[in-house]
Amino acid sequence: MFVLNETHNPDLRSWVSAANLPDSDFPIQNLPFAVFRRKGAGELYRGGVAIGDQVLDLTAARAAFSGDAGTGAQACSQPTLNHFMSLGAPVWSALRLALSRVLREGAPEQGFLESCLISQSDVEYSLPCTIGDYTDFYTSVFHATRVGSLFRPDNPLLPNYKWVPIGYHGRSSSIDISGQTFKRPQGQTKAPDADQPSVGPCKRLDYELEVGIYIGQGNALGEPIMLDDSDQHVFGFCLFNDWSARDIQAWEYQPLGPFLAKNFASTVSPWIIANEALLPYRAAFKRDAEDPQPLPYLSSVKNSQEGALDIKLEVLLQTQTMRDKGEQPVKVSDSNFVYSYWTVAQMVAHHTVNGCNLRPGDFFGSGTQSGPEHEQGGSLLELSRGGKESITLPNGEQRTFLEDGDTVVMRGFCEKQGAARIGFGEVASTVLPANS
Ligand code: MN
């Protein structure tokens, strides 16, 4: 579907000088989409593209595009990107190519387009699309095994795990954009030694380091998406913090799975990194020889050769005390999406194998992306070994789970020899005290 092309050329430079800085998240090879408006200007939200430290306002710039690219730019003038996402990969690709050409050094459109740039420091973002259905997967076998050993010491990894890309249907209403603040959830919990449950503020509030996946073009009910066709449907990726109330989860999750432990807040980063932009970072999908090999509908040469994605992921924490002293967030763990036990194509193929229809703007969480090492845990539940060991921050503060005022920041980027570095920006959000 997508092929490496001139938009991926690492030697390309933009006339937006900040895009050429070596540590920029948004070089000309990235070109991610968001929905934005100027802060405090009373404007309508509309689609934009990141280039360096600027946003290209696609509504203002649309005269620079024609054909499929023009159709795409026009669609991005709306306050959500659902329509653009529904137009399909040929339109996404055409707009990406046109953007790459007009933002390059020497492009004759520079004079006009300079007037269509707004500094990222002057804008605010909304959700990039109306998220219809939200599905959260569970694709890190390292996370599943470590969490399983905490909840079920004698039976950590259930026998279906290595056959089925496990997931549950979540709730989209509480998904919000980076900058989200939310009250510590209340709920029903039961301590292991208690006779009966009680209700009150969550005592084991946690984050989950996930990759978010936006579906573009959908499929008709009853018509599964084949594994090798997933690129026609996967619009792009973001960072996703799937906040979790571990004490509520432990009491409620059997027999039907997560419920109120998971639907009080989830936060996405504002920029959607196009599926096509990540082509240089596709990686081989490997399955240990002693593990079950995927069933035929989850297996293909293409998926084995390039199904995985090499995305470096980081979690940082800034406590209220640190913020009061002007101290920056500190890193608590890092991981990589390449460790995922299932690929995005496998998630799409499995989700639709029964005929389930996906729609433009549907959203998948990848599940917590923990790596093989303890230090690569994508949640505090793992890093604190179920709350038994606190982690010590550089300023001496300790955490097993999150405290009120904690801000969790997640970052992601792709980097390797022979390709341009592509960043995801960040997702940051803050825990407020529970209702009293
Ligand atoms: Mn999750």
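The lining of the largest pocket divides by class into 15 nonpolar, 10 polar and five charged residues. Here Ala, Val, Leu, Ile, Met, Phe, Trp, Tyr, Cys and Pro count as nonpolar, Asp, Glu, Lys and Arg as charged, and the others, Gly among them, as polar. The model is predicted: local features need pLDDT of at least 70, side-chain atom pairs count only at pLDDT 80 or more, and totals for chains, interfaces and linings use all residues. Residues are numbered from 1 along each chain as its sequence is written, and side-chain values use heavy atoms, with hydrogens and water left out.

The largest pocket holds about 690 Å³ of space. Its lining has 30 residues, and Tyr138, Ile166, Tyr253, Gly257 and Pro258 are the closest to the pocket centre. Pockets and cavities were searched on a 1 Å grid over the protein atoms alone. A cavity is a set of points where a 1.4 Å probe fits but cannot get out. A pocket is an open set with protein on both sides within 12 Å along at least five of seven lines. Lining residues have an atom within 4 Å of a point. Grid points are joined across faces, edges and corners, and a volume is the space filled by probe spheres set on the points.

Four elements each supply at least two residues of this lining: strand S6 (134-137), helix H6 (141-151), strand S7 (167-169) and helix H7 (246-252). H6 gives the most, with five residues. Helices (H or I, at least four residues) and strands (E, at least two) are DSSP runs, numbered from the N terminus.

The second largest pocket has about 490 Å³ of space. It is lined by 17 residues, of which Lys190, Ala191, Pro192, Arg204 and Ala250 are the closest to its centre. The largest share comes from H7, with four residues. By class, this lining has eight nonpolar, two polar and seven charged residues.

Three cavities of 30 Å³ or more are found. The largest cavity contains about 170 Å³ of space. Among its 16 lining residues, Ser230, Asp231, Arg282, Gly307 and Ala345 lie nearest the centre. Strand S14 (234-241), helix H8 (301-306) and helix H10 (344-352) each give at least two residues to the lining. H8 contributes the most, three residues. The lining of the largest cavity comprises six nonpolar, five polar and five charged residues.

The second largest cavity has a volume of about 70 Å³. Phe2, Leu31, Phe33, Trp92, Arg96, Phe235, Ala274, Asn275 and Glu276 form its lining. Six of these residues are nonpolar, one is polar and two are charged. Domain 1 (6-126) and domain 2 (134-432) both give residues to this lining, so the second largest cavity lies between them.

The chain is divided into these two domains, with bounds from an automatic or database domain assignment. The C-alpha centres of domain 1 and domain 2 lie 28 Å apart. Across the boundary, 30 residues of domain 1 are in contact with 28 residues of domain 2. Contact means heavy atoms within 4.5 Å.

Strand pairing was examined next. Two strands pair if DSSP finds at least two bridges between them. Strand S1 (residues 33-38) is joined to strand S2 (residues 46-51) by four bridges, and the two run antiparallel. Ala34 stands opposite Gly48 in S2. S1 also pairs with strand S5 (residues 123-126), in the antiparallel sense and over four bridges. In that pairing, Arg38 stands opposite Val123.

A five-stranded open sheet has the order S9-S26-S25-S20-S21, with mixed pairing. Strand S9 (181-183) and strand S21 (330-336) are the edge strands, each pairing on one side only. From one strand to the next, the twist averages 20 degrees. Axes are lines fitted to C-alpha atoms, for helices over the stretch in contact, and angles run from 0 to 180 degrees between N-to-C directions. S9 and strand S26 (residues 422-432) run parallel and are joined by three bridges. The bridge partner of Thr181 in S26 is Thr430.
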